[in-house]
Amino acid sequence: MDKNFQEEFTQIIKFEPPLYKQRYQFVKDLVEKYKPKKVADLGCADCSLLWMLKFCSCIEVLAGLDICANVMKEKMHTLSPLPVDYLQPSERSLTVTLHHGSVAHKDPCMLGFDLVTCIELIEHLEESELKKFPEVVFGFMAPSIVVISTPNSEFNSLLPRVMLYRHPDHKFEWSQAQFQSWALETARCYNYSVEFTGVGHPPTGMEKVGFCTQIGVFVRKYPQTGESVQSEKPTEAVYKTVFKAVYPSLKDEKYLQNAVINEVLFTAQIIKHRLMSKREEYDDDPERKSKFQPSMDCFSDYLGKLVVEKNMEPFISGNEVYIPLTTIFSFPKVNRLCGTFEKLCKLIAGKVTLSSDGSAVMFNIEHENE
């Protein structure tokens, strides 16, 4: 539903936050509760809900479907990865796809979703489309959860500018009884349970009219079998893909390697800085320097032995600084990125300057102070 049009007729009854935001927040809360990995928004329009959901860390696949391609194309750029997404890839994968088509048609690209949202959609459907809608969504797609929101016509009497329907494109608007009757019958036919709620509370004393937006949350009773899905799968696609974005992810070896290399070098630089600062303190104090220097000479004498020690401390030898990989691996972020010490060694091999035996990151500091 057009948000500007909605604001015009709700200016007498002020919803805070705006009604469309309350609907989106309802979906977001549901996502946080059930943690679906794959979510499809039918009737996605300007992609506002999809944009909000792309920040939910549990979601790995987002899909939008709308009958009007132009509306999607105006805002689909908001679903593209930003530069920061490449600089700091997420630990999860995320693919966002937009399709042009009708909810009255079946397409295999809409199979396998955990959650399907239909926010202010069904009232825009022609009678023939509405008849096909349950079979497409509940029978064919058969997600674990379906959320349907639609205007509650009983609330219209509180909206002075509403003559018949709230929006010129609405084909109908149901009362609470009409929506619940349709939803219960749909749930019964396709083995779902359904609970009713809504957003947009009525004024005090008018509670009987119900929420301004009524919502049905459908939960599938039994798991969908692979055989039943396959038997209903159409032979060819009917939707047209108008947008697809694959976000950089640490599950991709290329992005993971870059992240590990950057973190290893960053960590090693911090350790090197602390080590050199400590040496400068001794250089500025002749008495402390005399105590520090023998140990440095000792490091030089036994360099070959110390480099292969797994628990060695970072040290300076001449113009070279050695930061053991075991020390770097002990830092939480490096440990989390790599998982194992072996994986760390594999990811940085040939990309980071190491000691001769590969056990420590090595820096040459000969020209650093020039």
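Because the model is predicted, local features need pLDDT of at least 70 and side-chain atom pairs count only at pLDDT 80 or more, while totals for chains, interfaces and linings use all residues. Residues are numbered from 1 along each chain as its sequence is written, and side-chain values use heavy atoms, with hydrogens and water left out.

**The whole chain**

The protein has 14 helices and eleven strands; helices (H or I, at least four residues) and strands (E, at least two) are DSSP runs, numbered from the N terminus. Of its 370 residues, 46% are buried, where buried means under 20% relative accessible area, exposed over 50%, and partly exposed in between (1.4 Å probe, protein chains only). Among contacts (heavy atoms within 4.5 Å) with a separation of 6 or more, 73% come from residues 24 or more positions apart.

**A look at helix α7**

Helix α7 covers residues 176–189, 14 residues in total, and spans 20 Å from its first C-alpha to its last. That is close to the 20 Å expected at 1.5 Å a residue, the expected span being 1.5 Å times one less than the number of residues. The buried residues of α7 are F179, W182, A183, T186 and A187. They sit on the same side of the helix, because they cover an arc of only 130° around the axis, taken from the directions from the helix axis to the C-beta atoms. Their cover includes α6 (127–141), β5 (145–151), β6 (192–199) and β7 (213–220). On the face turned away from the buried side are the exposed residues A177 and R188. Just after α7, N191 has a positive phi of about 60°.

**Salt bridges**

The whole structure contains eight salt bridges, each a side-chain nitrogen of Lys or Arg within 4 Å of a carboxyl oxygen of Asp or Glu. Here are some of them.

| Pair | N to O distance |
|---|---|
| E91 and R336 | 3.0 Å |
| E135 and K106 | 3.3 Å |
| E185 and R188 | 2.6 Å |

E91 lies in the loop between α5 (83–87) and β3 (95–100) and R336 in helix α13 (residues 332–338), so this pair ties together parts 245 residues apart in sequence. E91 is partly exposed, at 46% relative accessibility.

What about the pair within α7? E185 and R188 are three residues apart in helix α7, which means about one helical turn separates them. E185 is partly exposed at 38%, whereas R188 is exposed at 55%.
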